[in-house]
Amino acid sequence: MTFKGISTVVARCLSSLELLFSLDRGLPQSRFRLVVDGLVGAVAIGVVATTSVAAQEKPSALGLGIFTFTSGPAAAYGMPGKNAADLMIDEINAKGGIEGVPVSATYVDEAQGAQGVIAEYRRLAGDTKNQAMVAALSSANCLALAPLAEQLEVPTVGWNCDTHQLLIDGKSKYVFRPNGNTVPEFIAYAIYLLDRKPDVKTVAIINPDYAFGHDAAKIFTAALKALKPDIEIVAELYPKLGSPNYQTEISRLATARPDVVFSNLWGADLENFVRQAAPRGIFTSSQVTLALGETVLQRVPLPDGVIVGVLGDGWWMSPDAKANPETVKFAEAYKARFGEYPVFPAIKMANALIYLKAAYKAAMSKNDGKWPTRAELAEAMKGSKVATLTGTMQTRADNDGLVDQIVGVTVKTSAQQFPVIGDMVRYKGDSLMPQAGQDPLAWISTLKPEFARSLPKPGSYK
Amino acid sequence: MPTILAAAAVLMLAVLPVAAPWLQFVLTLAIAKGFAALGVAVLLRAGLISIGHAMFFAASAYGVAFLARAGVNDLGLLLILSVLAGALVGAVAGSFLVRYRAIFFAMLNLAVSMVFYALCAKLYGITGGTDGMPVPVPTVFGVVLGEPAFKSVLFYLSLGLMVFVGVAVQRYLNSPLGHALSAVHTNEIRLEYLGIPVWAVLLIAYVISAALAGLGGAIAGFAIGRVVPDFAFWTASGHLVLIAVLGGIGGVPGAFIGALFLELLHSAAVTVTDSWNLIVGMTLIIVIMFMPQGVYGLFARKEASSL
């Protein structure tokens, strides 16, 4: 607050200059006066801007910065996250907030790109009212924000941040990812696929053309080669993100006739691909595996037997979720408010907020009921184990999360109009993760077929 | 008088981040984009619209990232080398691009820059694809700084460079070489008859404008701490043209005024609504309709009436 004092003094001095030199006469001086006035104004704005509430015992409101895509094509994934955050925060506030403090969120649109996101992060972090950030969806944005979080010392919960590069140096103090990452997510598919279709020989991959798609292809391929060395990748296609037309790629897939088509397309891209590929028989000629298939179950009619999953354990109809009354209530409330059941990005966001809430509880009980600082909050997240809507979230020493992975195939039931996931398996989070600090790809290449045999089998999760 | 106005404006910029620290990043970025827009404005003098200047912006930013990876770790050295890298790319691209005019020049610039963008995004093993490359905090003349201190150094350095480079570009534009640019715009053939090689005039302007974009890119790379292919995307190039036109191409300050205006407008708009694109777009339409000379035109016109 010394800033405030100095700035006020500077502002006073500048305005007294004006009086002293009687600068209000004549044309040229009047411009000079304008300049002095401008300077005074700037300082005054600064004084107002810095006069934020100092950290107090218990604030009147807990500010959160929540980063997700609310515009552009990626909003297909980002909006369920925002909706879930809205709903979850309403539910938390209806029960009196986090430890008695109501939560108010500021949403930041990631579609602005890294520059805009960084500017907003700095602005929000500058206000002590905002104690923590839930950021972000896009891996590129997470990677750009991570050094900033460490520098500004703001606890930052990566609610999506799939990239395995995020916490690879193991030095993070303020960045947490209570989530799986690309490594366990895509190994899970390789194992499930080989369990369900052990005689697979040829595989084609069609992924979006950016880091997420390339990472997934690399990990999936490495896992398949390690577990069944004679597998051949017959096509690797990377259509542009947001592409409306997949006819060329589908023609390639049709002529290559692979046993398996793997894809981590998502959002509108996935919907378009499914709508265009189904009439051309891709789903009958090959075993299709859609890593983010759960997000479109309610929107496009997927045929039976497509391998789909949720990148984590966030399937709102999983046995664990159904056994949890909180989850059932959340899913129904979400359906009532947004007209759709919560897809897994929504569950990921809800779980991230539950994780944050649990960290506050832990920090306060450690603090004898005193409201924690940002550093104390981050400390409470270290190594925490939190029960979420769909399972548990274990934080490792390197701040990376251990979350179970659910994979299954589409089946029709009488309970819902849309296909659901059946024949499920739930892999334990730690079984598919390399040790902290280990190079993920090197670790994957050491996997043995015996390793896969030791894991649960499809259909074992009921 | 304009000098006093400009000095006051620079002073105000210098004071603002002391009061509101988060503005420092926004202003650094605005100045960085101002440099690139100034590069675009230089070519606009000759009537050439480049919808591809983000390429040089990105080339220099990637230059910083690659040099940092190779072990170069001094701010001054990184800045100079990466600007040279931007200028070099400019010299190569310019050597054939300056033979074209009007829409052909604009489209070819766009095409070349998109090839560059595609390379950055696709050479996954080298550039890290869309996840980009990190830019670590460099030392400043051998002094190891913490990140907050470095960001302040960077801001005041860019502010200083803005004044210094701004004056230099002003001198260049007032030199015969600079005046030849407007001559290219009005009557190119006469210029050739006067014995002035148009090709050389334009190539020099092109390299200078690429170097300016490169300077902006290097500063942006340091400020953001990460370089992503989006830096080179065509919308980023369009953004630069927009800044140049918005600020007004009447003088050097125009580019910086335009950049500051657009960045601050953007920052204000995103805090209000998800439809921030709508607010930014509407404001641009209003500015273009009612201020054909750009924001800088306001000042220039006032000056004329007070004489």
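Trainee: Where is A:Arg257 found?

Mentor: A:Arg257 is found in the loop between helix 8 (247-256) and strand 8 (260-263) of chain A. Helices (H or I, at least four residues) and strands (E, at least two) are DSSP runs, numbered from the N terminus. This is a predicted model: local features need pLDDT of at least 70, side-chain atom pairs count only at pLDDT 80 or more, and totals for chains, interfaces and linings use all residues. Residues are numbered from 1 along each chain as its sequence is written, chains are lettered from A and ligands numbered from 1 in the order in which they are written, and side-chain values use heavy atoms, with hydrogens and water left out.

Trainee: What is the phi of A:Arg257?

Mentor: Start with the general idea. Most residues other than glycine have a negative phi, and most peptide bonds are trans. Here, phi of A:Arg257 is near 40 degrees, a positive value. A:Arg257 counts as exposed, because its relative accessibility is 57%. The cut-offs: buried is under 20% relative accessible area, exposed over 50%, partly exposed in between (1.4 Å probe, protein chains only).

A:Asp423 also has a positive phi, about 50 degrees. A:Asp423 lies in strand 15 (residues 420-427) of chain A and is partly exposed at 35%.

Trainee: Which residues does a cis peptide bond join?

Mentor: A:Ala135 and A:Ala136, with omega about 5 degrees. A:Ala136 sits in the loop between strand 3 (130-134) and helix 5 of chain A.

Trainee: How many disulfides does a search of the whole structure find?

Mentor: A disulfide is a pair of cysteine sulfur atoms within 2.5 Å. The search finds one over all chains. It joins A:Cys142 to A:Cys161, S to S 2.0 Å. The S-S torsion is about -80 degrees, so the disulfide is left-handed. A:Cys142 lies in helix 5 (residues 139-152) and A:Cys161 in the loop between strand 4 (156-157) and strand 5 (175-176) of chain A, so the pair ties together parts 19 residues apart in sequence. Both A:Cys142 and A:Cys161 are buried.

Trainee: At what angle do helix 4 of chain A and helix 2 of chain B cross?

Mentor: Two packed helices are described by the angle between their axes and the distance between the axes. The axes of helix 4 (residues 113-126) of chain A and helix 2 (residues 23-45) of chain B cross at roughly 155 degrees and come within 9 Å. These helices are therefore roughly antiparallel (angles over 145 degrees).

Trainee: Which residues meet there?

Mentor: From helix 4 of chain A, A:Gln115, A:Ile118, A:Ala119 and A:Arg122 meet B:Phe25, B:Val26, B:Leu29 and B:Lys33 of helix 2 of chain B. Contact means heavy atoms within 4.5 Å.

Terms used: Axes fitted to C-alpha atoms, helices over the stretch in contact; angles between N-to-C directions. Parallel < 35°, antiparallel > 145°, perpendicular 65-115°, else oblique.
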